[in-house]
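Visitor: I would like to go through this model term by term, asking what stands behind each description.

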Amino acid sequence: MRQPSPPADNQAHDAPADAPQSPSRRQWLGMAGALSLGAALLPLGAGAWAAVPPAALPAEQLKRFHALSQLLTGREHLDADLSARVLTLLTEAEPAFPQQAEALGQALARAGIAHIKDYPGSPVEQDATHKKTAMAIISAWYLGYTGTPKSGVPTDDTRFVTYTGALMFEPTADATVIPTYARGGTNYWQHPPAHLAAD
Amino acid sequence: MSIQYDADVIVIGSGALGSNAAHELAKAGKSVIILEAGSRIPRWKVVENYRTSSRKGNYNDPYPNQPWAHTSYDPDYLENTGSFDFRPGMLKLVGGTTWHWAAAAWRYLPNDMKLKSVYGLGRDWPIDYATLEPWYQRAEEALGVSGSDVEDQSGQDGGKTFPPRSKPYPMKPDAVTYMNQRFAEALEPAGFHYIHEPNARNTRPYDSRPACAGNNNCMPVCPIGAMYSGDTHATHAERAGARLIPEATAYRLEKGAGNKIVAVHYRTPKGEDVRLTARYFIVAAHGLETAKLLLISEVANSSDQVGRNLMDHSGSGLVFLAKEPVWPGRGQIQQGCFLNWRDGEFRKRHSAIKHSVGNAVPNADVTRRLLAMGVTGPELDRRIRHDAARWMSISTVYEVLPDPGNRVTPSSKKDALGIPGLSVHYNVDDYAAAGREVAYEDYRKMVAAFGEEVIEDRTGWQNRDHLMGTVIMGADPKDSVVNHECRSYDHDNLFLATTGVIPASGVINPTLTGVALSIRLADIIRREI
């Protein structure tokens, strides 16, 4: 279960608030200034992100992992701080993960895979160990957490990576909100998105 | 010599029901103390907790879970001994569990309240719909309910407003989502009638809260407070003069002369014990906790029914991909239903059924499924968009019947204050199981009319978090805990403000009814003090 905290302030989660990447996020920050207020009032817990800052990771290892993440997600624009967080959390869950990630990166290079579109059906994907490593990395970036959620219990092995930066929201960003954020105002929902015919 | 009291009325529990009762009494000039086991948390903090949670499907996660005020998701606090893991998403904080409901605010039908006399099953309510109607109206005005004034909410498309209303809804319904327009059109030929779900979510600014802007996060927290939650009336009660004491867990109701309840004892997180006296007591501590408090206090149980007859609307679900893009996730997380099986002769054979259409942004479910299938790269992005535009999620609930064997009792395990936790024994009955077979046929029809691919149509029984029956209301003190006023048959100054009084479950979310009964019992107490 979550560590008991003093009664006066029990609501700090392990991770800090999210990286400001989306326009909606920036807007919200601009409007309310609430994140800085939140960060000031919420004491950071003893989570991995706080306990192991990105600087603790060897720069070269981090650089390679960032490049691996870019390849596996098919995205150039990934946040380097989030790369560090993904690497830290996956290593925390599996101590051999850094070696597995290095091995995956080398296997992709050997197979001449420079883009994720060439990965499906490749020998690298057909290798169960490499596939597991690749999916763990892709999953963290798309879902914004590591681990496996369990329902109806207070704890599980999941760890927070990002919310508004989760890649799963990118393909639908023009049609639906990232929950808790808003667009359009009351009753905008009676009309379909403008691009419906192309969907 | 007159007796001195700490308050006219002490309310145990600051959720929607307790806070509405407290507010009515404080407005009338009575001195009121509200005890709340949990803490007071501002909305922005819950929102930040949600945004930084790694388990966003866990609706209790952004809320406190304290060693001295556990949520229901703590397996050591709520244990199960029956065939079903009965685990409603109960919270403990100022405002209670309506912090994360979806705000469906239905009225029962007249026949729901006469189940035994009309269909020969279960139990009748000791009051009828017409008696309760004025308080339904007041509850809708308190919560700020938007709804249709013209629909037949029995789901039969009877062409007239039903159940009857004395006044219009406080707010007009919101516009039907594009998804629900298309789904309803497709199902109409198969005989399904789409019904707007009345809900406590603003469609215009109301009671100092804004109109819904479609933040699509009614559960686990509305970030802007457009959706009603019990903290609204906790605050209203305080402003009307009530004293709210958070982090005060009631653990004993004390009996005195004349079978009156004379005091409540509560314990703080530091282990300090406090005794407070009052003329009247209202226990409004959630359907499970209210029964537990009565049992550990050894009060109000001459009928031996306290904790028994536990009912949820045990549920099931259907997920499928629509045959065309409809884009769920635009608007609130739910807004309409199919209620063809809400009332009729069939209730002699199987449970009533409600199908709600979900409207949550589905990206997490969609993406988890695709990742499990090993989809990657540009195809993953393409499929996320394709499937998210077509993700249809139906949440079905079934009526259940009161069974004294389904019950909550104090657990042998204790919390950090030394107070027992909850032990639940629950089996889903054959009546609901017979209803589920009918729902499966509906699922087939829905997919045939609008589907491309079934994702899941046999979920097993699911929790629906609608607590009923545990302090059952009835006309006979031998088999009932409270009378039609929600007054204990054993202690005439003890009232129970909880959906746990509901003796016949129907298929509608019971909170509005609980608030109506709470305002009504406050009126009764106000007249007697």
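**Terms and values**

Guide: H5(B) and H10(B) are roughly perpendicular to each other, a class that covers angles of 65 to 115 degrees, with under 35 counted as roughly parallel, over 145 as roughly antiparallel and the rest as oblique. This is a predicted model, in which local features need pLDDT of at least 70, side-chain atom pairs count only at pLDDT 80 or more, and totals for chains, interfaces and linings use all residues. Residues are numbered from 1 along each chain as its sequence is written, chains are lettered from A and ligands numbered from 1 in the order in which they are written, and side-chain values use heavy atoms, leaving out hydrogens and water.

Visitor: What angle do H5 and H10 of chain B make?

Guide: Helix H5 (residues 178-187) and helix H10 (residues 430-450) of chain B pack at about 105°, their axes lying 9 Å apart.

Visitor: Which residues of H5(B) and H10(B) meet?

Guide: Arg182(B), Phe183(B), Ala186(B) and Leu187(B) of H5(B) meet Met446(B), Ala449(B) and Phe450(B) of H10(B), where contact means heavy atoms within 4.5 Å. The residues of this contact comprise six nonpolar, no polar and one charged.

Visitor: What span is expected of helix H5 of chain A?

Guide: At 1.5 Å a residue, 20 Å is expected, and the 14 residues of H5(A) (80-93) reach 20 Å from first C-alpha to last, close to that value.

Visitor: What share of chain A counts as buried?

Guide: Of its 199 residues, 46% count as buried, meaning under 20% relative accessible area, with exposed over 50% and partly exposed in between (1.4 Å probe, protein chains only). In H5(A), the buried residues include Leu82(A), Val86(A) and Leu90(A).

Terms used: Axes are lines fitted to C-alpha atoms, for helices over the stretch in contact, and angles run from 0 to 180 degrees between N-to-C directions. Helices (H or I, at least four residues) and strands (E, at least two) are DSSP runs, numbered from the N terminus. Ala, Val, Leu, Ile, Met, Phe, Trp, Tyr, Cys and Pro count as nonpolar, Asp, Glu, Lys and Arg as charged, and the others, Gly among them, as polar. The expected span of a helix is 1.5 Å times one less than its number of residues.
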